[in-house]
Amino acid sequence: MGKKIAEPTAKRLFENMFICVKCNAKMRAQPDKVKKGKVKCRHCGSKKLRLKAKERRGMK
Ligand SMILES: [Zn+2]
């Protein structure tokens, strides 16, 4: 909180941030692992995750 984050760092954080399609839980994961279905939502166990970055429309 209150810390400044350099732009490249912030971008990287978003890139590894996924949202559970079922329960909307946020989690950080390696995109590679998500593609291979190795990452599960820790809340509902769903493997359906979407990239947080795609949610940034209109947030510029
Ligand atoms: Zn979930």
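A strand, in this report, is a DSSP run of E of at least two residues, numbered from the N terminus. By that reading, β1 has a covered face with F18 and C20 and an uncovered face with M17 and I19. In a regular strand, side chains alternate between the two faces of the sheet. The model described here is predicted.

**Overall fold**

The protein contains 2 helices and 3 strands. Along the sequence these elements follow the pattern α-β-β-α-β. Of the 60 residues in the protein, buried ones make up 7%. Among contacts between residues at least 6 apart in sequence, 43% join residues at least 24 apart.

**The sheet**

The 3 strands form an open sheet in the order β2-β1-β3, and the pairing is antiparallel. β2 and β3 stand at the edges with a single partner strand each, so one side of each has no neighbour in the sheet. From one strand to the next, the twist averages 40°. Strands of a sheet pair through backbone hydrogen bonds, in either a parallel or an antiparallel arrangement.

β1 pairs with β3 in the antiparallel sense over 3 bridges. In this pairing F18 of the covered face of β1 stands opposite L51 in β3. β1 also pairs with β2 in the antiparallel sense, over 3 bridges. There, I19 of the uncovered face has K26 in β2 as its bridge partner.

**The β1–β2 hairpin**

The hairpin of β1 and β2 has 5 residues between the strands. Two residues of this loop are described here, N24 and K22. N24 has a positive phi of about 65° although it is not a glycine. Most residues other than glycine have a negative phi. Is N24 buried or exposed? N24 is exposed, because 11 other C-beta atoms lie within 10 Å and the cut-off for an exposed residue is 12 or fewer.

K22 lies in the loop between β1 (17–20) and β2 (26–28). K22 is partly exposed, since it has 14 other C-beta atoms within 10 Å. Which residues does K22 touch, not counting those up to four places away in sequence? They are C41, C44, S46 and K48. K48 is 26 residues from K22 in sequence, and the two C-alpha atoms are 7.3 Å apart.

**The α2–β3 loop**

K40 is found in the loop between α2 (31–35) and β3 (49–51). K40 is partly exposed, because 16 other C-beta atoms lie within 10 Å. Leaving aside neighbours within four places in sequence, K40 is in contact with G45, S46 and K47.

| Residue | Other C-beta atoms within 10 Å | State |
|---|---|---|
| K22 | 14 | partly exposed |
| N24 | 11 | exposed |
| K40 | 16 | partly exposed |

Definitions and conventions
Residues numbered from 1 in each chain as written. Predicted model: local features only at pLDDT ≥ 70, side-chain atom pairs only at ≥ 80, totals over all residues. Helix = DSSP H or I, 4+ residues; strand = E, 2+ residues; numbered from the N terminus. Buried ≥ 20, exposed ≤ 12 C-beta atoms within 10 Å, placed from the backbone. Contact = placed C-beta atoms within 7 Å. Pairing = 2+ DSSP bridges. Axes fitted to C-alpha atoms, helices over the stretch in contact; angles between N-to-C directions.
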